[in-house]
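Try each task on the structure before you read its solution.

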Amino acid sequence: MRTHQDVSESEMDRQARLQFLTWERRPADIQGDLQKRLKEKLTRSAGAQIADSAYIASDARIFTSSLILGDRSWIAGHALVRGDVEIGSNCSVNPYACISGKVRCGNGVRIASLVSIVGFNHGFDDPNIPINDQPHETLGITIGDDVWIGANAVILDGVTIGMGAVIAAGAVVTKDIPDLAIAAGVPAKVVRRRGETAAAGKSRRSEVEQALLRISKVAEAEWRDVRERHLTPDGYLSADADGMARMSVRHECDAIEIAAGFGEQPCGNEAKAIIDRLQALQDPATGFFPDPFRSPDPAKNIRDDSPALYNVLAVGYALEILGAHPSHPISGVEMDAVALCDWLEALPWSTRAWWCGDRVDAIATALYFNARYFRSGRGRELLFGWLTTHADRSTGLWGNPTAEQGLLQPVNGFYRLTRGAHAQFGIPVPFPEAAISSVILHYRNNGGFSGPTYTACNLLDTVHPLWLCLKQTDFMRRHAETIAEDIILHSPDRWQPKRGFAFADGQAGSLQGTEMWLSTLHVAADLLGIAEKLAFVPKGVHRTRPAGLGL
């Protein structure tokens, strides 16, 4: 049993770590009483305007006349900040850095330990007057977005550092540095521009394009074999995400989406028969689509049945591909403001954010069908209002990390939620830069995924959020592009001849795995601007064009 003393010592150890490892801050640290009191004190004593999602370590030394600190930025312990300083969003000031005078930092600026940024200067021209008696001069320093300043670098007054520049460790910057330049030395000089050593970059991009063309060619030649392998007289038998083969209406819808992605969806009498069969699955009372192979529990609300919820997507989009739509409104999602908010707030966001995102995805999609085909679906205004006010400003996500899985639940939940809501309706996400940081951090924390975690779900749930958020910002774009390139480069080796893609390593190729991996490749290629090199274009669940209904 932990004692009060143990808890106190544990908290003291954590506070000590946060002075130097400030990136380990958690929402609880940002929102805690200690941080709130510090921010209140700095508001009074240092003219500070500090974003709610920003964090300042307790041992940082802030003696400013004016300080602006943007969303999700942080200042580590033992850093010194004085003068008139503005720091944008997603910035970091590491231990023992010194920022003095008039300094303006953009967004996404990384300032390493022992950096000295000096936005003022002593006069010294008159040798007859002691330097300490000569007037100060302040021209100010301007640092653009997405700049990295290495350890022990010095930035002198009057300098402007362009967007995307990198200042090497130990450099002394006395003159302006242009956008995307890498500067090093004393005094600092531009040694090259980011992306200009194009031999390696062009070679990698060429490899990516060739890998995409290879997988496109083999998938286009063999997708019919993949589909036929799983067709039985009673329907489609294929593996689910757990690797177990089951009968499911989802598998038939995956088969339709794969064919449509290659431009060969069913037509004529075949399409009519499929439409009649799929429309007959809809429950006229609720509008949901119970799976005929796995009946929902009659004792539970149908909104709690995962197959019935997912079939809103699977069956609904398959019907659209075939030129039809659900026969009835999905009335089970039409709730008034109180009922919708109560339902959303009862979901287990703190422990199962992916499951919650899955629910929102289905509800938003049902509202889309209602709005498009039945002149209802006005609940989407209520849904987006709730989502906007409940997004976490510090992570850009909904829900919380867990001790066991880290960011897995909220990151994967972000994909499901925004797929059906923001991406489908063409609505911007609330905090795109914070979301990008969280998704890339999650990807890196998992080493880019491997073995059992290298699944269609984990990769799609990484690249789709990056693709979506990069429509609003260029923040960390190159990092996101590298992830997309890696996904494509690894894809040709994952295709199983005439079996398609497996959902996860160690499994057999399946309809679900094939459709999801092809869609993941399309999204990755679209992020890189080379989607035309892949023959497959998702037309259903994973389509990338918004419906255009908006709010």
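**Exercise 1. Find the handedness of the crossing of α7 and α9, then describe the packing.**

Solution. The crossing of α7 and α9 is left-handed; that is, the near helix is turned anticlockwise from the far one by less than a right angle, whereas clockwise would be right-handed. The model is predicted: local features need pLDDT of at least 70, side-chain atom pairs need 80 or more, and totals for chains, interfaces and linings use all residues. Residues are numbered from 1 along each chain as its sequence is written, and side-chain values use heavy atoms, without hydrogens and water.

Step 1: locate the helices. Helix α7 covers residues 306-321 and helix α9 covers residues 353-373. Helices here are DSSP runs (H or I, at least four residues), strands are E runs of at least two, and both are numbered from the N terminus.

Step 2: take the axes. They come within 9 Å and cross at roughly 40 degrees. Axes are lines fitted to C-alpha atoms, for helices over the stretch in contact, with angles from 0 to 180 degrees between N-to-C directions.

Step 3: name the angle. α7 is therefore oblique to α9 (under 35 degrees is roughly parallel, over 145 roughly antiparallel, 65 to 115 roughly perpendicular, the rest oblique).

Step 4: list the contact (heavy atoms within 4.5 Å). From α7, it includes L309, L313 and Y317; from α9, it includes W355, I363 and F369.

**Exercise 2. How are the rings of W23 and W74 arranged?**

Solution. Step 1: the ring centres are 6.2 Å apart and the planes are at 55 degrees, so the pair is tilted. Rings of Phe, Tyr and Trp (its six-membered ring) pair if their centres lie within 6.5 Å; planes under 30 degrees apart are stacked, over 60 edge-to-face, the rest tilted.

Step 1: place the residues. W23 sits in the loop between α1 (4-20) and α2 (27-31), and W74 in strand β4 (residues 74-75), 51 residues apart.

Step 2: check accessibility. W23 is partly exposed at 47% relative accessible area, while W74 is buried at 7%. Buried is under 20%, exposed over 50%, partly exposed in between (1.4 Å probe, protein chains only).

**Exercise 3. Which geometry does the aromatic pair of F384 and F425 have?**

Solution. Step 1: the centres are 5.7 Å apart, with 90 degrees between the planes, and the pair is edge-to-face.

Step 1: F384 lies in helix α10 (residues 379-390) and F425 in helix α11 (residues 408-425).

Step 2: F384 is buried at 4% relative accessibility, and F425 is buried at 3%.
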